Amino acid sequence: MARALEAAGRAAAEGEVPIGAVVVRDGELLGEGWNRTETLCDPSAHAELLALKRAAARARNWRLPGAALVTTLEPCLMCFGALLEARIETLVFGASDSLRGATALWKSGHLDRYPGKELRLVEGVSDEQCRSLLKKWFAARRARSPRARSSPRRGA
């Protein structure tokens with residue numbers, strides 16, 4: 001998780017939402033990523049997807065059995081689907097995401113189109129540190145943005 005938090009710091013330094021992710025297998029770092037959606041003007045440039053792409057390139061295989069994806073925030077549905085496709089064995093995440101997180105769908109059986117797919121979930125690792133990084137980043141962003149201060153949704 002420490003390496004994922006470092007990656008999240010890179011995202012923050014680039015003005016991106018501070019989310020970082022790494023893919024590891026047998027103690028080896030296969031790939032890492034941090035949010036780059038604004039930088040790349042790409043809605044799919046999430047930390048998890050970038051880490052998976054780098055891991056697949058390094059492994060020379062899009063299938064990553066036995067690997068773990070470690071991310072600072074619970075993955076969205078897009079990223080969750082990609083980690084299932086990549087045959088990730090373990091998902092480790094820090095802060096949960098009640099708005100966009102997809103693990104509830106997995107737990108409820110709504111993503112059961114992956115017969116025989118076992119996914120081990122490890123939730124809440126360094127939760128407070130991951131959550132704090134996000135809260136501080138969003139607070140600083142709101143403080144800098146005059147638009148956020150005058151938003152009609154604020155206080156709703």
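Guide: Begin with pLDDT, which is the predictor's confidence in each residue, from 0 to 100. This is a predicted model. The mean pLDDT of the protein is 88, and 88% of its residues reach 70 or more.

Visitor: Over which residues is the pLDDT below 50?

Guide: Where pLDDT is low, the predicted coordinates should not be read in detail. Here the pLDDT is below 50 over residues 148-156. Beyond near neighbours in sequence, that stretch has 6 contacts in the model.

Visitor: At what angle do helix H1 and helix H6 pack?

Guide: Two packed helices are described by the angle between their axes and the distance between those axes. For H1 (residues 2-13) and H6 (residues 127-144), the angle is about 5° and the axes are 11 Å apart. Angles under 35 degrees count as roughly parallel, so H1 and H6 are roughly parallel to each other.

Visitor: Which residues in H1 and H6 meet?

Guide: From H1 come Leu5, Ala8 and Ala12; from H6 come Gln129, Cys130, Leu133 and Trp137. By type, the contact has 6 nonpolar residues, 1 polar and no charged.

Visitor: What is the order of the strands in the sheet?

Guide: Strands of a sheet pair through backbone hydrogen bonds, either parallel or antiparallel. This open sheet has 5 strands in the order S2-S1-S3-S4-S5, with mixed pairing. Strands S2 (28-34) and S5 (120-123) are the edges, each pairing on one side only. S4 (residues 90-95) and S5 run parallel and are joined by 4 bridges; Leu91 stands opposite Leu121 in S5.

Visitor: Which strands does each helix meet?

Guide: H1 packs on the sheet, touching S1, S2 and S3. H6 lies across S3 and S4, at about 60° to S4.

Conventions
Residues numbered from 1 in each chain as written. Predicted model: local features only at pLDDT ≥ 70, side-chain atom pairs only at ≥ 80, totals over all residues. Heavy atoms only, no water. Contact = heavy atoms within 4.5 Å. Axes fitted to C-alpha atoms, helices over the stretch in contact; angles between N-to-C directions. Helix = DSSP H or I, 4+ residues; strand = E, 2+ residues; numbered from the N terminus. Parallel < 35°, antiparallel > 145°, perpendicular 65-115°, else oblique. Nonpolar A, V, L, I, M, F, W, Y, C, P; charged D, E, K, R; others polar. Pairing = 2+ DSSP bridges.
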